[in-house]
Amino acid sequence: MSLYDEIGGAPAVSLAVSVFSHRITADESLAPWFGSVDMDRLVAHQRAFLTVALGGPDLFTGRTMSGAHHGLRITDEAYDAVIEHLAYALLDTGLTHEQVTAVIAGIEPLRSQVVDESTPANA
């Protein structure tokens, strides 16, 4: 059984993404990246991404991680903050520390596709 199924599937993912999106948009240090983003669209992408990260069905269509983040000049610190918010959102919605650790370990390799401090903004 996948972690996606263990936690309750789509309803659990929707709740986790809702908590997560509230956390990241409330974080002033992340405002430069989320201030002008279409949050409905972003939440849909986050829901699809988290579904796959938890071992659920692959519902994602769209750009690659590197393509979606290209030119945004995302720093390691910002990536760390987002991962921390995700971890707490998952804990808040009922995952165990072990489950959260597994999810974060699965997402960490994406850092190199998201963080690019050298790319000029609006490139």
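The legends below describe close-up views of a predicted model.

**View 1. Helix H6 and the residues it buries.**
Helix H6 runs over residues 76-92, and its 17 residues reach 24 Å from the first C-alpha to the last, close to the 24 Å expected at 1.5 Å a residue. The buried residues of this helix are Ala78, Tyr79, Ala81, Ile83, His85, Leu86, Ala87, Ala89 and Leu90. What covers them includes helix H2 (10-26), helix H3 (31-34), helix H4 (39-53), helix H7 (97-107) and helix H8 (111-114). An α-helix has 3.6 residues a turn, so residues three or four places apart point the same way.

Most residues other than glycine have a negative phi. With a relative accessible area of 41%, arginine 73 is partly exposed, because the partly exposed class lies between the 20% limit for buried and the 50% limit for exposed residues. Just after H6, glycine 94 also takes a positive phi, here of about 110 degrees.

**View 2. The packing of H6 with H7.**
The axes of H6 and H7 come within 9 Å and cross at roughly 150 degrees; the two helices are therefore roughly antiparallel to each other, since angles over 145 degrees are placed in that class. The crossing of H6 and H7 is right-handed. On the H6 side the contact is made by Tyr79, Ile83, Leu86, Ala87, Leu90 and Leu91, and on the H7 side by His97, Val100, Val103, Ile104 and Ile107. Sorted by class, this contact has 10 nonpolar residues, 1 polar residue and no charged residues.

**View 3. The packing of H2 with H6.**
H2 and H6 pack at an angle of about 140 degrees, with their axes 8 Å apart, and they are therefore oblique to each other. H2 passes H6 in a right-handed crossing. From H2 the contact involves Ala16, Val19, Phe20, Arg23 and Ile24, which meet Val82, His85, Leu86, Tyr88, Ala89, Leu90 and Asp92 of H6. By class, the contact of H2 with H6 has 9 nonpolar, 1 polar and 2 charged residues.

The contact is made by Val13, Ser14, Ala16, Val17, Phe20, Ser21, Ile24 and Thr25 of H2, together with Met39, Val43, Gln46, Arg47, Leu50 and Thr51 of H4. The classes represented in this contact are 8 nonpolar, 5 polar and 1 charged residues. Glutamine 46 is found in helix H4 and, at 13% relative accessibility, counts as buried. Not counting residues up to four places away in sequence, glutamine 46 touches Val17, Phe20, Ser21 and Ile24.

**View 4. Alanine 102 in helix H7.**
Alanine 102 has its place in helix H7 and is partly exposed, with a relative accessible area of 48%. Alanine 102 and arginine 23 are 79 residues apart in sequence, and their C-alpha atoms are 21 Å apart in space.

Technical notes
Residues are numbered from 1 along each chain as its sequence is written. This is a predicted model: local features need pLDDT of at least 70, side-chain atom pairs count only at pLDDT 80 or more; totals for chains, interfaces and linings use all residues. Side-chain values use heavy atoms; hydrogens and water are left out. Helices (H or I, at least four residues) and strands (E, at least two) are DSSP runs, numbered from the N terminus. The expected span of a helix is 1.5 Å times one less than its number of residues. Buried means under 20% relative accessible area, exposed over 50%, partly exposed in between (1.4 Å probe, protein chains only). Contact means heavy atoms within 4.5 Å. Axes are lines fitted to C-alpha atoms, for helices over the stretch in contact, and angles run from 0 to 180 degrees between N-to-C directions. Angles under 35 degrees count as roughly parallel, over 145 as roughly antiparallel, 65 to 115 as roughly perpendicular and the rest as oblique. A crossing is left-handed if the near helix is turned anticlockwise from the far one by less than a right angle, and right-handed if clockwise. Ala, Val, Leu, Ile, Met, Phe, Trp, Tyr, Cys and Pro count as nonpolar, Asp, Glu, Lys and Arg as charged, and the others, Gly among them, as polar.
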